[in-house]
Amino acid sequence: MTKHSESLPSSTDAILNSIADGVFTVDAEWNITSFNRAAEEITGVPRNEAIGQKCFDVFQASICQGNCALHDTISTGRQWVDQRIDILNRNGETVPVSISTSILRDENGATFGGAETFRDLSTIESLRRELEGQYTQHDIVTKNHRMLGILDVLPDIANSDTSVLIQGATGTGKELIARAIHNLSRRADEKFVAINCGALPETLLESELFGYKKGAFTGADNDKPGRFAMAQKGSLFLDEIADISMALQVRLLRVLQQREYEPLGSTETVQSDVRVIAATNKPLTDQIARGVFRQDLYYRLNIVRIELPTLSQRREDIPLLIHHFIERFNVEQEKRVRSVSEDALKRLLDYSYPGNIRELQNIIEHAVVLSRGDQIELASLPPDLLVEPTKHVEATPFTAAEADVIIQTLRQHNGHRGNTAKTLGIDKTTLWRKMKKFRITYPS
């Protein structure tokens, strides 16, 4: 590469300043040689300060340190087109932009620098977040009709002080619903205390729930408040309630009926002002029939019952949850994942999720950690996911979910198929083929 010191003609400078996209050029040493008006507005850096500086000092882009698009273009001749990245403006704020790159050559065809255009995507990103926000309530991401029905009645449930029983398979979000009830209630300013009843042996669980007095048993050197005391005037979430012993069920029933209890080793009664929210992944009516759960306790807990669907019963939420978890783990892992490849997305939509939302969350965390670029590829998914037998695939729900994703993305981009394909991480020809397969027309 030869160094080229000539500045751009004034006519070219005038043309660049008339372009709505930001444009800058660099020489062989990565010094900025031109910087148009739109570049000033997007970055907040005046032109006279940018000229002569290294481009990576001005932009501080997410790809500057290891995967510079302009460096790749000048080195290989390969152009980058509409690559989505983040830059930092002068105020230290993150600005999403779409960049394209090209080589600058002199009249003899020798390379003397490069040019990059970038478009501010802040408005589009803001609109995307607004659209996604329509599917998020109380930190619960959904557009499933059953889940929306549950969310619709949560404020009414929260307004009362009655006990609530949440039933659902492991990983369906029972604690999230319990926290939403607490946060919507008059007790929201007080503590939300949670305990997994199935994770502790009976003797330890009893002391954890009701506390104990000094000397109550060997090792009880000081008074210790229990979870009921910690949750006073707030809410207590009892997860896996089906796993508590019959003896402990009697003590819990007394608290619910009489609103009082005695800590271990105490003869004094403590008044309890706690809203109890219980959860189980086992049908309590079956536990009653087996003689391992008290019917009277069931009736006390089951004043209001919420039944949560499995993830396989709300497959239209899978794409929303995937994006939600990608955003979360991007922050936690300091990654820049933006999309999911077509084959990886198909596998994620096909999978049966026996572990429900919690399993999907773990899968996406695994994929984000292993992703080296801005897209989750099939190879980034956990090995177990890649070998799932096809007989577990639910074809009809998957087809409906995939078609719904395409329709929602088309709406997001006002029917623009190029932008829709880009957001979905697929080629325009693939998008066209899928639209024909699902008989999607836009506008409909």
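What is the volume of the second largest pocket? About 550 Å³. Before you start clicking, keep in mind that this is a predicted model.

**Stop 1: the pocket.** Select Gly171, Thr172, Gly173, Lys174 and Leu176: of the 25 residues lining the second largest pocket, these are the closest to its centre. Now colour the elements β7 (140–141), α8 (174–184), β10 (235–239), α14 (318–333) and α16 (356–370), each of which supplies at least two residues of that lining.

**Stop 2: α7 against α8.** To see the contact, show side chains for Met147, Ile150, Leu154, Pro155, Ile157 and Ala158 on α7, then Ile177, Ala180, Ile181 and Leu184 on α8. You'll find 10 nonpolar residues in this contact, with no polar and no charged ones.

**Stop 3: α9 against α11.** Next, pick helix α9 (residues 202–210) and helix α11 (residues 246–258), whose axes lie 10 Å apart at an angle of about 15°. α9 and α11 are therefore roughly parallel to each other, and α9 passes α11 in a left-handed crossing. On α9, select Glu202, Leu205, Glu206, Leu209 and Phe210; on α11, take Ala247, Leu248, Arg251, Leu252 and Val255, and you have the contact. Its residues divide into 7 nonpolar, no polar and 3 charged.

Conventions: Residues are numbered from 1 along each chain as its sequence is written. This is a predicted model: local features need pLDDT of at least 70, side-chain atom pairs count only at pLDDT 80 or more; totals for chains, interfaces and linings use all residues. Side-chain values use heavy atoms; hydrogens and water are left out. Axes are lines fitted to C-alpha atoms, for helices over the stretch in contact, and angles run from 0 to 180 degrees between N-to-C directions. Helices (H or I, at least four residues) and strands (E, at least two) are DSSP runs, numbered from the N terminus. Angles under 35 degrees count as roughly parallel, over 145 as roughly antiparallel, 65 to 115 as roughly perpendicular and the rest as oblique. A crossing is left-handed if the near helix is turned anticlockwise from the far one by less than a right angle, and right-handed if clockwise. Contact means heavy atoms within 4.5 Å. Ala, Val, Leu, Ile, Met, Phe, Trp, Tyr, Cys and Pro count as nonpolar, Asp, Glu, Lys and Arg as charged, and the others, Gly among them, as polar. On a 1 Å grid over the protein atoms alone, a cavity is a set of points where a 1.4 Å probe fits but cannot get out, and a pocket is an open set with protein on both sides within 12 Å along at least five of seven lines; lining residues have an atom within 4 Å of a point. Grid points are joined across faces, edges and corners, and a volume is the space filled by probe spheres set on the points.
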